[in-house]
Amino acid sequence: DASRIPQWARERLEGCARHSAAAALSSSEHEIPNPYLVAALETFRNDVQERTLINVVRTMLGGDVLLDATGSLLIPSETDPMGPESVLTHQVIRMPETGMQALCVFSSSEHIGKSYVRQESEGDELILREPAVKIFMDFLSNPDLDLIAIDPGSNHECYIERAQVQWVVNSPRNDGAKMALINDNMQQLLGSLVAPNYILVVAIDPKSQVQGPAFVPDDEGNPTNMLAFTSPIEVAAIDPAIEVRVAHAIEVLTLAEQLNAPGIQINYFNPSAVLDIKQIRELLDIVREQEAVFGASPAGTGAPA
C-alpha cells in the first residue's frame with residue numbers, strides 16, 4: 001500500500017532504478033506508455049507540492065503519452081488510414097470561469113474513458129500515442145491553450161502551466177539519453193553520450209569550496225559516483241535552487257576521469273543508470289581514436305551555453 005510507505009523511504013526508492021516495477025506496470029491490461037510517469041503521478045497524489053509536480057514533468061521527457069482524438073476527421077491516403085489531410089481534434093478542457101483551456105493528456109488508457117470532460121463525439125474512438133516532447137512543442141505552438149491537464153478526472157490529476165512547458169522545451173537536454181534510460185537500453189545510452197553535440201548537465205555542489213560537480217552520497221554521506229543529468233529539470237526535481245552547468249557529454253565524461261570518480265550516475269531519480277570508470281574510459285578511447293583519424297572531436301569545439 002503506497003500510502004503506508006514513509007516519505008524517507010519513498011524518496012530513497014525514487015533515487016534507484018526499479019526496472020522490475022516498471023515491467024510490472026507495463027504488463028497491465030491498460031496501455032501504459034511510460035511507467036515512470038505513472039509512478040510520479042502516484043507520488044504527486046500522496047504529496048501535492050511543486051517538487052512532486054516537477055517530478056511528474058521530468059518523467060514525461062523521453063517517453064510517450066496518450067491523447068484522445070475521438071471525433072477527428074480522418075482522411076485516408078493511399079497507404080495510411082490517417083492521411084496528411086486528416087484534421088485531428090484533441091480533447092480539451094474549457095474553464096468558463098477563467099477563460100482558460102487545457103489540453104488533456106493521459107498516462108494510461110484506463111483514465112481516458114473515465115475522464116469527466118469527455119464529450120459525446122461522432123465516429124470511432126481514436127487514441128493516439130505521441131512523444132511527450134512533441135506534445136509540449138505542439139502545445140506551445142497553439143496560443144489558444146493555456147495548460148496541459150494530465151489524467152483529468154482521476155485522483156491524481158495535475159496541471160502544467162505554459163511557462164513550465166516553455167522552460168522545459170527551451171532548456172538544453174539529451175533526449176536520446178533520457179529515452180534510452182526509459183527503455184532500459186544501455187547501447188542506446190552509450191551512443192547518446194558520444195554523438196556530436198549531445199550534452200549532459202552537471203549539478204554544482206553548493207557545499208564544495210571549489211564549486212565542483214555533485215556526487216551521489218553513500219549511507220554515511222561520503223561521495224561515490226559523480227552525478228550527471230539529461231536536462232536541468234532532472235536537477236530541479238531534487239532542488240530548484242541548485243546551480244547547473246551544461247557541457248558536451250564527452251567533456252563531462254572526461255571530467256569524471258580527471259576527478260578519479262569510480263563512475264557516473266546519469267540522473268538521480270528514476271530512470272537512472274551508472275557507468276563505471278572502465279566503461280567511461282572505453283568510450284573516451286573511442287572518441288580519441290576518432291579525433292586522431294578525423295582531426296577533431298565528434299563533440300566539436302566548445303560547450304553549448
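**Packing, pairing and backbone features of the predicted model**

Helix α10 is largely enclosed by the rest of the structure, because seven of its 10 residues are buried, where buried means under 20% relative accessible area, exposed over 50% and partly exposed in between, with a 1.4 Å probe and protein chains only. The structure is a predicted model, in which local features need pLDDT of at least 70, side-chain atom pairs count only at pLDDT 80 or more, and totals for chains, interfaces and linings use all residues. Residues are numbered from 1 along each chain as its sequence is written, and side-chain values use heavy atoms, with hydrogens and water left out. Helices (H or I, at least four residues) and strands (E, at least two) are DSSP runs, numbered from the N terminus.

The buried residues of α10 are Ala 249, Ile 250, Val 252, Leu 253, Thr 254, Ala 256 and Glu 257. These buried residues pack against α8 (186–194), β7 (199–203), β9, β10 (244–248), β11 and α11 (277–294), contact being defined as heavy atoms within 4.5 Å. Helix α10, which spans residues 249–258, lies across β9 and β11 and runs at about 165° to β9; axes are lines fitted to C-alpha atoms, for helices over the stretch in contact, and angles run from 0 to 180 degrees between N-to-C directions. After α10 comes Asn 260, with a positive phi near 60°.

Strands β9 and β11 also belong to an open sheet of four strands, in the order β8-β9-β11-β12 and with mixed pairing, two strands being paired if DSSP finds at least two bridges between them. At the edges of this sheet are β8 (215–217) and β12, each of which pairs on one side only, and the twist averages 35° from one strand to the next. Strand β8 runs antiparallel to β9 (residues 223–228) and is joined to β9 by two bridges, with Pro 223 in β9 as the bridge partner of Pro 217. In β12 (residues 273–276), the covered face holds Ala 273 and Leu 275, whereas the uncovered face holds Val 274 and Asp 276.

The hairpin of β11 and β12 has six residues between the strands, and several local features fall in this part of the chain. Asn 267, in the loop between β11 and β12, has a positive phi of about 75° although it is not a glycine, and at 0% relative accessibility Asn 267 counts as buried. A cis peptide bond with omega of about -10° joins Asn 270 and Pro 271, and Pro 271 lies in the loop between β11 and β12. Most residues other than glycine have a negative phi, and most peptide bonds are trans. A search of the whole structure finds one aromatic pair. This pair is formed by Tyr 268 and Phe 269 in an edge-to-face arrangement, at 5.1 Å centre to centre and with 65° between the planes; rings of Phe, Tyr and Trp (its six-membered ring) pair if their centres lie within 6.5 Å, and planes under 30 degrees apart count as stacked, over 60 as edge-to-face and the rest as tilted. Tyr 268 is partly exposed at 25% relative accessibility, whereas Phe 269 is buried, with a relative accessible area of 7%.

The largest nonpolar core has 33 residues, and those with the most contacts inside it are Met 60, Val 105, Phe 136 and Ile 150; a nonpolar core is a set of buried Ala, Val, Leu, Ile, Met, Phe, Trp, Tyr and Cys residues joined through side-chain atoms within 4.5 Å. Helix α5 (residues 132–140) contributes the largest share of this core, six residues. Apart from this core lies another, of 27 residues, among them Ile 204, Ala 228, Ala 247 and Ala 273. Leaving aside neighbours within four places in sequence, Ile 150 is in contact with residues including Leu 41, Val 56, Met 60 and Val 105. Asp 151, in the loop between β5 (147–150) and β6 (158–161), has a positive phi near 50° and is buried at 0% relative accessibility.
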